[in-house]
Amino acid sequence: MQHKIKLRPDEVKDFVSAATRCDCDVDIFYNSFIVDAKSIIGVLGLNFNQILTVAYNGYDPDFERRLRQWAVAV
């Protein structure tokens, strides 16, 4: 699954916390920059002016619900 999101630096802690509770691997990326979404240091290194893509295999309804708060229309 892939979702487009927009994060602000003050939302990183909540995002990483939600990703950490997900049982599957979660990546977040833009262009050629890919980081583990469960790594707060990795996520903080991203450019928050970009629309980010969250990718993961599997389905977690709680994570899906949390992603909606950061979702962007593309």
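Predicted model: local features only at pLDDT ≥ 70, side-chain atom pairs only at ≥ 80, totals over all residues.
Strand β4 spans residues 52–56 and is mostly covered, with five of its five residues buried. The side chains of the strand are divided between two directions: Leu52, Val54 and Tyr56 point one way, whereas Thr53 and Ala55 point the other way. In a regular strand, side chains alternate between the two faces of the sheet. Residues on both sides of β4 are buried.

Two strands pair with β4. Strand β1, residues 2–5, runs antiparallel to β4 and is joined to it by four bridges. Strand β2, residues 26–30, is also antiparallel to β4, again over four bridges. Alanine 55 of β4 takes part in both pairings, as the bridge partner of glutamine 2 and of aspartate 27.

Arginine 66 is located in helix α3, which covers residues 61–67. The residue is buried but forms no salt bridge. Its nearest side chain of opposite charge is that of aspartate 14, at 4.7 Å, and a salt bridge requires a separation within 4 Å. Apart from neighbours within four places in sequence, arginine 66 contacts Asp14, Ala18 and Arg21.

Valine 72 is found in the segment after α3. This residue counts as partly exposed because its relative accessibility is 25%, the range for that class lying between 20% and 50%. When residues up to four places away in sequence are excluded, valine 72 touches Lys4, Ile5, Lys6 and Ile51. Glycine 58 and valine 72 are separated by 14 residues in sequence, and their C-alpha atoms lie 21 Å apart.

Terms used
Residues numbered from 1 in each chain as written. Heavy atoms only, no water. Buried < 20%, exposed > 50% of the residue type's maximum accessible area, 1.4 Å probe, protein only. Lys, Arg positive; Asp, Glu negative; His and termini not counted. Contact = heavy atoms within 4.5 Å. Pairing = 2+ DSSP bridges.
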